[in-house]
Amino acid sequence: MKFTELKTKEVIDCKDGKRLGFVVDLDFDPRDGCIKEIIVPVYRNGFDCFRKPKVFCIPFRDIIKIGPDLILVRICEKK
């Protein structure tokens, strides 16, 4: 799958059905070429579009399914 195909898919947390956004970047291990995490911007309200967005990094192991239209993830809360 190409990155251009991946960034058109919406990321959804399967625990609560929350829409997290769309993939904007990937972080990968240059030694073996494996994806370590996907990066999704976090917008808190409508006025955040004027600021630089914060990013939400989702480890690749938290991805449950990559479908034709969306990516299902299970976010593990850090305590």
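Student: Where does Arg74 lie relative to strand 7?
Tutor: Arg74 lies in the segment after strand 7, which covers 70-73; strands (E, at least two residues) and helices (H or I, at least four) are DSSP runs, numbered from the N terminus. This is a predicted model, in which local features need pLDDT of at least 70 and side-chain atom pairs count only at pLDDT 80 or more, while totals for chains, interfaces and linings use all residues. Residues are numbered from 1 along each chain as its sequence is written, and side-chain values use heavy atoms, with hydrogens and water left out.

Student: And how exposed is Arg74?
Tutor: Arg74 is partly exposed, since its relative accessible area is 45%; buried means under 20% relative accessible area, exposed means over 50%, and partly exposed is in between, with a 1.4 Å probe and protein chains only.

Student: Which residues does Arg74 touch, leaving out those up to four places away in sequence?
Tutor: With that exclusion, Arg74 touches Asp13, Cys14, Lys15, Asp62 and Ile64, where a contact means heavy atoms within 4.5 Å. Pro59 is 15 residues from Arg74 in sequence, and the two are 9.8 Å apart in space, C-alpha to C-alpha.

Student: Let's zoom out. How many helices and strands are there in the protein?
Tutor: The protein has one helix and seven strands, and from the N terminus on they run α-β-β-β-β-β-β-β.

Student: What order do the strands take in the four-stranded sheet?
Tutor: That open sheet has the order 2-1-7-6, with mixed pairing, and two strands pair if DSSP finds at least two bridges between them. Its edge strands are strand 2 and strand 6 (63-66), each of which pairs on one side only. The twist averages 20° from one strand to the next; for such angles, axes are lines fitted to C-alpha atoms (for helices, over the stretch in contact), and angles run from 0 to 180 degrees between N-to-C directions.

Student: How many bridges join strand 1 and strand 2?
Tutor: Strand 1 (residues 10-13) and strand 2 (residues 19-22) are paired antiparallel over three bridges, with Ile12 standing opposite Arg19 in strand 2. The two strands form a hairpin with five residues between them, and Gly17 in its turn has a positive phi of about 75°.

Student: I clicked on Glu10 in strand 1. Is Glu10 buried or exposed?
Tutor: Glu10 is buried, because its relative accessible area is 14%. Beyond its neighbours up to four places away in sequence, Glu10 touches Arg19, Gly21, Phe22, Asp69, Leu70 and Ile71.

Student: What about the three-stranded sheet, what is its order?
Tutor: Three strands form an open sheet in the order 3-4-5, with antiparallel pairing. Strand 3 (25-28) and strand 5 (54-59) stand at the edges, each with a single partner strand, so one side of each has no neighbour in the sheet. Neighbouring strands here are turned by 30° against each other on average, direction ignored.

Student: Which residues stand opposite each other there?
Tutor: Strand 3 and strand 4 pair over four bridges, with Leu26 opposite Ile38 in strand 4; in their hairpin, which has six residues between the strands, Gly33 takes a positive phi near 80°. Strand 4 (residues 35-42) pairs with strand 5 over six bridges, with Ile39 opposite Cys57 in strand 5.

Student: Speaking of cysteines, how many disulfides does a search of the whole structure find?
Tutor: The search finds zero disulfides, a disulfide being a pair of cysteine sulfur atoms within 2.5 Å. Cys14 is partly exposed, with a relative accessible area of 35%, and Cys57 is partly exposed at 34%.

Student: Last topic: which residues make up the largest nonpolar core?
Tutor: The largest nonpolar core has eleven residues, namely Leu6, Val11, Leu20, Val23, Ile38, Val40, Ile58, Ile63, Ile71, Val73 and Ile75. Strand 4 and strand 7 each supply at least two residues of this core. A nonpolar core is a set of buried Ala, Val, Leu, Ile, Met, Phe, Trp, Tyr and Cys residues joined through side-chain atoms within 4.5 Å.

Student: How much of the protein counts as buried?
Tutor: Of its 79 residues, 29% count as buried.
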